[in-house]
Amino acid sequence: MQTFFQQLINGLSLGSIYALLALGYTMVYGIIKLINFAHGDIYMLGAFWGYYVINFWHFNFLFALLSAMLVGAVAGVIIEYFAYRPLRHAPRITALITAIGVSFLLENGMSYLYGSTPRDFPQIIEPVNYHVFGVLISNIQILILVTACLLMVILQVIIKKTKMGKAMRAVSVDPDAAELVGINLNRTISFTFALGSSMAGAAGVLIGLYYNSIDPLMGMTPGIKAFVAAVVGGIGSVPGASIGGFLIGLLETLVQSVGLSAYKDAAVYFVLIVILLVLPAGIFGKNIKEKV
């Protein structure tokens with residue numbers, strides 16, 4: 001039982017990272033029906049930004065996190081403006097290929113500029129372990145979980161309670177009708193990219209604290225798993241992306257706990273296949289019929 005609860009804590013910590021990443025995928029898809037495969041690399045940029053501002057500018061955790069969110073937001077807006085906006089009315093496959101190209105550009109650009117050797121992320125918070133009923137919980141895990149949940153709550157408040165959030169929901173339902181009633185389509189889409197990318201920037205700093213290591217290719221696998229989380233939860237659903245992220249994190253740690261670490265990625269994709277067969281729209285997704 002203690003082992004189960006230990007893996008539960010580990011899974012929630014990792015799942016909160018996937019949830020933050022999955023939010024970016026699901027928000028962008030909900031607005032412009034694009035799978036932004038460069039999203040995982042914005043997470044990598046956030047981790048590297050946190051690494052440099054902590055090492056060279058001696059930022060504390062809070063300022064490193066907030067500045068990484070700002071850098072992620074700016075990167076997301078720039079990518080949307082130069083890579084995706086010109087292709088907004090092009091076939092979806094064109095935008096999808098462009099997203100993959102942007103991902104490779106960011107990965108190889110960072111490898112060229114800073115090398116591909118992994119770097120040790122600075123531990124600005126002294127690790128402290130707590131034993132609760134035989135379960136080991138670190139202050140880093142608590143910080144990651146609390147920070148991620150707080151960011152998810154703030155995101156939900158922005159979407160549900162603010163004027164821009166209402167505009168985002170209107171655009172996701174019908175972009176043409178939203179534009180007719182005076183909503184600035186470009187501004188709303190840019191804000192969506194900024195908001196989703198800021199979550200990825202925050203996740204980069206949190207994963208640096210969790211694993212203590214970063215590299216230019218670190219966003220590839222977590223990015224794909226976060227996409228799986230978004231699909232499992234229901235692509236386009238913000239609560240679904242959060243739940244999907246936690247489920248994927250729990251699944252991964254439970255598979256490792258039974259001695260199948262080499263197959264943890266396979267387990268994630270197996271669950272994706274099962275979910276798509278049983279619930280094609282995901283757990284919280286809605287089946288929408290299209291007229292042809």
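## Loop residues with positive phi

Asparagine 212 lies in the loop between helix H8 (185–211) and strand E4 (213–214), where helices (H or I, at least four residues) and strands (E, at least two) are DSSP runs numbered from the N terminus. Phi of asparagine 212 is near 65°, a positive value in a residue other than glycine, and its relative accessibility of 33% makes asparagine 212 partly exposed, a class that falls between buried (under 20% relative accessible area) and exposed (over 50%), with a 1.4 Å probe and protein chains only.

Lysine 33, in the loop between helix H1 (2–32) and helix H2 (39–56), has a positive phi of about 55° although it is not a glycine.

## Basis of the model

This is a predicted model, in which local features need pLDDT of at least 70 and side-chain atom pairs count only at pLDDT 80 or more, whereas totals for chains, interfaces and linings use all residues. Residues are numbered from 1 along each chain as its sequence is written, and side-chain values use heavy atoms, with hydrogens and water left out.

## Nonpolar surface patch

A nonpolar surface patch of about 940 Å² includes Ile243, Leu247, Phe270 and Leu277; such patches join residues with over 30% relative accessible area and no salt bridge, nonpolar side chains (Val, Leu, Ile, Met, Phe, Trp, Tyr) within 5 Å and like charges within 9 Å. A salt bridge is a side-chain nitrogen of Lys or Arg within 4 Å of a carboxyl oxygen of Asp or Glu.

Helix H11 gives the most to this patch, with 5 residues, and leucine 277, placed in helix H11, is exposed at 69% relative accessible area.

Conventions. Accessible areas come from the Shrake-Rupley method with a 1.4 Å probe; for residues, only the protein chains shown count as cover.
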